[in-house]
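Subject: Structure handover

Hello,

Here is the structure I promised to pass on. Please open it first, then read my notes below.

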Amino acid sequence: MATRYVHVRILALTVLIGLVTGAIHWVMVHDRVQVCFDVRAEAGGVARVYWDVGVGYKESQSVGQGIPAGKWVSLCLTHPDMRNITGIRVDPVNQPTRFDLSEPRLQRLDSLVPGWGLQRLALHAPEIENDIQRLSPTGTAYRATGIDPYFGWPLPSANSPRWLLLATNIAIVFAFMCMSYYVAALFRADHGEHAVHEFLQGCAIYLLFAFFAGFAYLASAYFDLAAASTIALYVCLAVGALFWLAVSSNRILVRAGLHVASIGALLFVVSFDMAYRIGMFDRPVFARLFSNDVYHWRLTRNSTDNFLHSSIPYIQDLRKIRNKISAEQFFLSDLATSYYVTATLPLYATNVHPHHFTMYKYYRDVLDALCSQNPEEEGSTAFDLLIEKAQASLAQDRLPVRYIFVNKDQYNKNVKVNCLTKNFEAVEQKLRVFSRNVYTGEYIDVFEIQYPHAYFSN
Amino acid sequence: MSSLLKETLSSHAAIVFVLFLHGGLIVALARRYIAIFESALVLPLFLILAFGVSLTVNTLVGMTFSLLSLHFSYLLITLVALDIALIVSLFARRACLAGLWRSSIFSGHSGLLIVIVVMFIIMIQNGGLIDILADSWWHMTLANKIQFHGTVFLDRHHLLGIEFTENDLVYEPAWHTNLALLIAITGLPAPLLWHSLAPWCVMLSLCGYYLFALVLSGNKSVALFAVILFAVTLGGLNAYFRVSPWPGNVAYIFWYFLLFQSFWMLSGWRQTERPTGSILGRLPTMAFLVDSFRRQRVALIILAGALVLILALHLAELVWYVLAFLFYGVVLIILNTSSNPNEHTAVLEHDRRVIAPIAVLLLISSAVWTYIRHPDRYVLISVVVGLTTLILLTRVVRRVTAKNIRRFVSLAVYTLIILGTAALIDFTHLRELFFPGDETLKYDFYAYYIPKWQIGLLGEVTYLPYWEHQLRTALLFSGVVGVVASVFLIVRERTRVSLFLFANCCIPMLILITPYLFTYISLFFPIYGVYRVQLLIFHPLVVAYVCFRLYKDAIRSLKPQAV
């Protein structure tokens, strides 16, 4: 066959593959928009971006991410469809604290050209602003004066038409393929019939993009589709170019290249799991968006993090408490402390969550009464309830609750959320009305209930 | 040095003393009887056996103390005396000691050694305490109460202090007994010991998985790559290394070991001569057991010991072990392995002769048990009829001898099987794996998903598991890749490794998306929730093996050029 017909066929195939690949990418990423900013908050918290889709700023149309205390964090939060968006709101933190914030960048994600469509949301001129106090003239340091600080802007009009973005994407793919093929062709002396076959085999590498794109599409509920698709497309184009270059000088490499490329495709998918394990991402890439999966090992996790959310800090307190209490008794405390104490001391809990067929919420009303903000109660309601339950327990030949443990730890996330800890000073004031303080520690205080009758002979 | 650091170091020393030392000494003494040590499997095997023997000895000691009403405070003296006696015995038999050094237990596994050392260091940092209130506290409480009361046999609920009711879960005692021994001997709080146990359990998990991968694939590189993938992907609960001190996860170590031991024995059996024409020859499973008893007696004892230990640690893993071989047996029955005879045909034929009868027996006995125990028998009848039809159809293909007709019949039968299977799959449910519907969030993690056709033709009620709570994260996407790769593997080659991995990837997946199969499995094994993840533990090995095969193919395709 004449060489010119070979070139025509290859050119036609190149156009076709360029169109298909560019179109697949476009279908996946069009109209996606992302807001990126850097934030550091003294007390940490959750940063959140709200999208107004015509009904105001709603929680359902928002994405957020936790930020650690005192560390700079770069956040990029995505919305899948910018066509309905009329406004954007950035909530840097969700509690009163000092924070630093960079100027948010609004980025369309449907362009293969990095930075095309980038727009800045000026912090000095937001449309709306709430609970914000500016601390520096340069506009990077702020203080949140309430629990709902935010900046809001109307969506800036697009600076490029969609058709131009689509055309540019297809042109980039097409140009890249043409360039890589003709660079490869420079190394080839023979432009005969088998060139078409080798070209077709080389196209299999480009078709890997369909494989990656398929995974990216399936995973769109979990991570940034546009970023994955763009990375996958560029990787495939680069691998394809190298492959053609290799094939042009050695046809035997075709099969070997396909096998190696298949290994690469397998490991590409697996690498997302790996990236989470070694701490490149702070959550599983394919886990539900913004869920914090806490079970897994991480390269960057350290013992202190785990210790501080367990009973380890209370070891010294618990050892001292052991000498001040009677064994085999029942105690009342918050959920977490109930487990911490029973795992270390010879006591039995009365507040546990349903697990392995156990569920015991018998003293929930006592806890509610202790946590009640009513200043007139002064513990009398809780004590009445305790006496009532003690009588019921004794009627069933069971010992009543003898101790109440109050955990004052304001850091442990399993403890600090409960009302006994939140209001421990008020709770202890109530407890002193009807119980004796037998231990006061760095974290844990123990009270022994003073029942009116001699329930305990020992 | 801070007191916490001192206590952490003490906890690690205590773990070595209680969970490895006497087991290691006993294994060293018995080493010459254990034929496996002659092969190049010394390091991981030694660690697992030492751990297993120590667990068994400790459990027996703990139970004896409980029965004799001796308090656990005497344990330290007992174990020290035992260790001294073992050390004296070891020195008395210097041949054992000399042989131990000659075997150079660290040679031949440098890759594994590096991986386990790295993971050990990482896990010392990560530890076994997780930052939420999870099952671990329930287990620590139980161990603490066993230690306090000085008996395994508690008369009150360890957490609530109330009398046991018939609804209370009585946990398998072995792991909690060992934890109680650790608490009693060290005087350290249970949470600190629990935290320190994680790196040791992770190390053993990796060793177990390595042994299993090695014996199945027959290649050290594949085994090592599988172990690395196992650590970095969601192969199942065991990849959640931070929960490795949980009893179920400790049992996983021995579950992998059981798989290793079973395949090792199967391979050994194949190489021996068997009686032909006798009744044993016609009952291959029995022949295997009798032959194992004669020729691989120690291996059989180790296998039985591991089975009993799992029974005492966490029963579920024993079920997974049985299911793994049941799935393999089903695939061996259904797939034609002798159409193109090669060096693997004989292996598969031997496996089929041993495992297929067990698989059929298990299917029949589970069907009978379900028929007796459960009122919803239509599901059972449907599954039994379906499986019988499947087996009969595949037998038809094998009976046809004429080559041209056979191809046509084979095509027709397998098309029928694929279409029939596809008709039973709930594709809406499968879709929800990738595109979770909002409604799934309204239900509890442990609740069942209601399939499209909840009420079947015969009025039977079927259901499926939700993808939430670890199944989705296990499958997306390493798990899905593993399932697809196992299909690629079975299309490419019919070997023991490809059939076993295909069986243990695709059948569990099929169960998860087919209402009848899932309901049937749940009838005689009603465990759901996180345990379903266990069915997906083979994916790292599948991916590692497929990568290895592709790499070999790539090298082979380059060879003509070299010539």
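How many bridges join E18(A) to strand E19 of chain A, and do the two run parallel or antiparallel? There are five bridges, and the strands run antiparallel. Please keep in mind that this is a predicted model.

The sheet in chain A

One of those bridges pairs Ser435(A) with Ile449(A) in E19(A). The two strands belong to an open sheet of five strands. Its order is E14-E13-E17-E19-E18 (chain A), and the pairing is mixed. Which strands form the edges? They are strand E14 (348-349) and strand E18 (435-440) of chain A. Each of them pairs on one side only. As background, strands of a sheet pair through backbone hydrogen bonds, either parallel or antiparallel.

Two loop residues in chain A

Two residues are worth a look for their backbone angles. Asp131(A) has a positive phi of about 55°, yet it is not a glycine. You will find Asp131(A) in the loop between strand E9 (128-130) and strand E10 (132-134) of chain A. Asp131(A) has 16 other C-beta atoms within 10 Å, so it counts as partly exposed.

Glu328(A) is not a glycine either, and its positive phi is about 65°. Glu328(A) sits in the loop between helix H7 (315-322) and strand E13 (330-332) of chain A. With 14 other C-beta atoms within 10 Å, Glu328(A) is partly exposed.

Where the chains touch

Chain B gives 57 residues to the contact, and chain A gives 57 residues. Which of them gives the largest share? H22(B) does, with eleven residues. By type, this side of chain B divides into 39 nonpolar, 13 polar and five charged residues.

A closer look at H9(B)

At 1.5 Å a residue, its 13 residues should span 18 Å. The end C-alpha atoms of H9(B) are 19 Å apart, which agrees. Is H9(B) largely enclosed or largely open? Ten of its 13 residues are buried, so H9(B) is largely enclosed by the rest of the structure. Among the buried residues are Val222(B), Leu224(B), Phe225(B), Leu229(B) and Phe230(B).

Best wishes

Notes: Residues are numbered from 1 along each chain as its sequence is written. Chains are lettered from A and ligands numbered from 1 in the order in which they are written. This is a predicted model: local features need pLDDT of at least 70, side-chain atom pairs count only at pLDDT 80 or more; totals for chains, interfaces and linings use all residues. Two residues are in contact if their C-beta atoms, placed from the backbone, lie within 7 Å. Helices (H or I, at least four residues) and strands (E, at least two) are DSSP runs, numbered from the N terminus. Ala, Val, Leu, Ile, Met, Phe, Trp, Tyr, Cys and Pro count as nonpolar, Asp, Glu, Lys and Arg as charged, and the others, Gly among them, as polar. A residue is buried if 20 or more other C-beta atoms lie within 10 Å of its own, exposed if 12 or fewer, and partly exposed in between; C-beta atoms are placed from the backbone. Two strands pair if DSSP finds at least two bridges between them. The expected span of a helix is 1.5 Å times one less than its number of residues.
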